[in-house]
Each structure stands twice: as structure tokens, then as C-alpha cells.
Amino acid sequence: KKPNAGLRVATMSARQGAPADVEGLPSVDLHNVHAGSKAMQQLKGFDKDGDNKISADELIDMVDEIGKTEREKREMKEQRDRYRKYSGGAVGIIVLLILSTFAVSLCASELSKETHADHATLTDALGSILGVAEAVAAVPLYVMAAMPMSALARIRALSVSYQDEGQLAQRQMQIMSRVKKGSTVELVDALGYTVRLVGTSQAVLLTPNGTEYDVCEGDASCSSVTVSNDDLQQYEEEALSMWENETATAAVDETGRRLDVAERRRLARRSLWQSGCAVADCNTMANSLIYDDACWVQSDAYKHLYCEHAKLSSPQPIFVQQCAVALEVRNMYCKAFGEFDPPIFQAECFFPLSEYKQNFCEENLRRKFENLGPSFITECASDAEVGEGYCNQWASQIATQSITGFLTCKAYPSFIQTYCEAKAANGAFDDQCASASLIGETYCSQLFLVTNEFYQWCFAHTSYAIAYCTSNPSAMSSEICQNDNRFTLPAGGT
């Protein structure tokens, strides 16, 4: 401690003008230091007056400066250590954020590969319905007769209609248990109500007190998380086959043509209704898409309601012959098939002033222009109201490609003109064009400009004959040109 005290005194004395050589602190003569050495260079930096001596003041300043440098070094090292710790933690956090973002993106990508939107339903890559909460599919009551227990286990709810003292009643049931024995199925809800389906055509509702009601109609809400739409369609086909066997109903019309699935489905529903409800309300049957001859004849309301439900059916409108030909409803009903994407062809809907045929044929042309591969529709071409415009749009393709349609469209003068112009532009001879009274001569003249060839059918037209015979010396000297009395050519073709 004593030298430090002396150092402080010496410093104060030097700054107050005391002699340079303070006691205990002699000056350093730089002449005694090896010139060019590292020590000499460092000491020179503290020789402020340039006298080649390090005085007491200069020596004290040198000591202060060295001490200050050492402290700064220590502080800088500590600061670097702190920064290293902080930066290490920050890097760790950033890495975690990057990894979590990558994981979320990867999950979203994998999920998008396996799910697809189908209207309001999510389906996986195989087409099975995936539930956001729980996906359901409506199943007609008669279909349950063909469903195995594994599929019946997916039925969550059931809606049935039945007759109660002459009035049509309805009950919603949350199914708790299911029993199947042969073609008999029983579904029981939490309150003890039971629906028993015997085959496809007979169903009863049993109440907890033992009362029994004939069921007129029913639909089940079937969870489709594991039962695909294809499975449900298969069960329905099997149920319809069971219905045919049970009722001995031949699924053919009066011409012997087998009825389609939609028609057999309606008949199966109607069979259940007739077995359970002797008295039927026409509007109720229309809402359930059950066709009844008496209701169709007697009730216009039934007719409109039935056809309205048929056209709004999902996934696409159901075709019903009676709706397509009934004057009161056919325009409203058929229009749905023309507005469907893509439009559905129905020949019965090509009646006068039909909005359907206008929409259908225009959409067919639009898809042709966009190269979506539509086919030539004979009904559009032959229709008195839309046929000529439709044929004109197909004329160039009919003329240049192997597309049928000429025989249907040739009755329209504007079509023949467009068709023959396309033929001539492509250098294609067509006897129908060459012999056409209104445009034959124009066609042959245009064709000759493209091919410069002789066509017997065209030689009947004067302008073509003159053009051909004057085109070159060999043609001019040909016998057919020399003997033609419509014009005079120099003898010998000169």
C-alpha cells in the first residue's frame, strides 16, 4: 500500500509543477533502451515532450493507461461472454420456431393430398366421406334389409312416417341398438321405440307400451365415416333386387325395357307406403317422391310438387317421363337438366319453346369452342327452332373432320354455304357443293383457285369452265374445252 500512496503523491506533485524526478520514482532514459525493440516503441508513445526520457508524470500516466486498458479488456471479455449466451438462446428460439412452422406446413400439405372437397363434403383420396364433425348419408328405410351389421352399426338416426288414427304422424329416433336376423332388422331408440323392417316392403313402429303402427316411409341417417358412397349404392342395388323378388314385380316397363335405378327406387318406396298406409296424402307422397297415378290425374299440386322434388334431387335431377311430357310442368322440370354441369341430354325435353333445349344446345357449342370434346347432337341440329344456328357452328368441323351431321344439316341454306366455303378453302371436292343450285358455281370457282384441277361436276358452271380452259395451254387445247360452245377458244390452244 505504501508505494501506491507514494504514487498518488507523486502524481499530484507532478501536476502541481513539482520536479520531474520524484523520490522513489526516477525518470527513465530512453537512450538506455535498445532502439527498434517493442519496448522502445511502446515507451516512445508515452514520451509526450519528446526529450527521450520518461518523466515521473509520464510514467504515472503510462501506469494509468495500462491499468485502464486491462480493465477494458476484462469488461469487453465479459460483455462478449454475455452476448454469446444471449445469442445462443436467441438462435435456439429461432430454430424452434422454424421447426414448428415446417411441421405445421408439412401436416397441412399431407392433409391436402388426402382430402378433396365434394360440394359440402370432404372425401379422402379413395372417395370415402370424411367427417368434419360426422358425415352422414341418407338411406331409404327399405335399403336396411340388405345392409350387414357392420353397416347398420353406422345408423345414428331414423325418421319414420306412420298412420295414427287416420292422421299421418312422424317420429325422429336416435338409434341406440340394432338387431338383424335374416332380412328382418330392428332399430331401437333411447326411449324404447322400435322400428321393425321385414324384408323391403313391410315395416312397423312398436311403442314402449306395445302399440303397433304401420310405417308408411322412413329414412335413416347413416354415418359415412367408414361406409363409402359406393357401399351404400351396392346395398341399395341389393335391396332393390330383394324388393323385386318379394313383390314379384318385374322391373320393366310396358315395352320390356328394364327400369332404371331411379324408377325402381320410387316403386320400392311406393310399395312400402302402400303396405303401411291405406290412405295416402298426395302432397306427402310428392314430398317423398312417391308416384301415384290417382294423385297425378286428380291433383295439379301433387304434379308440380312431385316434379319439383324430382328436379332438385341430389346428386343430379331424376328423370321422370311424366314430368317431361306434362304441359303444366315440363318446361320447369326439363330446365334443370339443361342447367346441370355438364348438361344432361334428355330427348323428351326437346319440345317447342323449350328453355332446356336452348340451354343444352348453347352449352354444347360453348364446350366445342373451348375444346372440351362435346359430340354433335342430332336433336339440336334437327330442331326447327335452334337447328340452323347450331348446324352453322358445326359446319366447318363437319366439312374438315370425320364428323357426322351433314345429312341432318344440309336442309339449311346457310349451313350449306358455310360448309362448302370450308370445303373449298381446304381444297376438298364435294359433289353436293358442286351441284348446289345457289352456291355451286361460287364453290367451284373458289376450289379451282386452291387446286387448279379439273372437276367434271364443276365444268357445268361457266365461270369454272372458262377459268379451267384458260389456265394453261394443255387445258386450252383439250377436247372438252375446244368442243364447249359456251365460249370460243383459239384453234390448237394458241
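The crossing of helices H12 and H14 in this predicted model is left-handed, a term that applies where the near helix is turned anticlockwise from the far one by less than a right angle. The axes of H12 (residues 355-369) and H14 come within 10 Å and cross at roughly 25°, and the two helices are therefore roughly parallel to each other, as angles under 35 degrees are classed. Contact (heavy atoms within 4.5 Å) is made by Cys361, Asn364, Leu365, Lys368 and Phe369 of H12 with Tyr390, Gln393, Trp394 and Gln397 of H14. By class, five of these residues are nonpolar, three polar and one charged.

Helices H9 (residues 300-311) and H11 (residues 330-339) pack with their axes 9 Å apart at an angle of about 0°, and are therefore also roughly parallel to each other. Here His304, Cys307, Glu308, Ala310 and Lys311 of H9 meet Met332, Tyr333 and Ala336 of H11, a set comprising five nonpolar, one polar and two charged residues.

Aspartate 383 lies in the loop between helix H13 (378-382) and helix H14 (387-400), and, at 10% relative accessibility, counts as buried (under 20% relative accessible area, with a 1.4 Å probe and protein chains only). Its side chain is joined to that of lysine 357 by a polar contact of 2.9 Å, that is, a pair of N or O atoms within 3.5 Å of which one must be able to donate a hydrogen and the other to accept it. Residues up to four places away in sequence aside, aspartate 383 touches Phe350, Lys357 and Tyr412.

Residues are numbered from 1 along each chain as its sequence is written, and side-chain values use heavy atoms, with hydrogens and water left out. Local features need pLDDT of at least 70 and side-chain atom pairs count only at pLDDT 80 or more, whereas totals for chains, interfaces and linings use all residues.

Note on methods
Axes fitted to C-alpha atoms, helices over the stretch in contact; angles between N-to-C directions. Helix = DSSP H or I, 4+ residues; strand = E, 2+ residues; numbered from the N terminus. Parallel < 35°, antiparallel > 145°, perpendicular 65-115°, else oblique. Nonpolar A, V, L, I, M, F, W, Y, C, P; charged D, E, K, R; others polar. Buried < 20%, exposed > 50% of the residue type's maximum accessible area, 1.4 Å probe, protein only.
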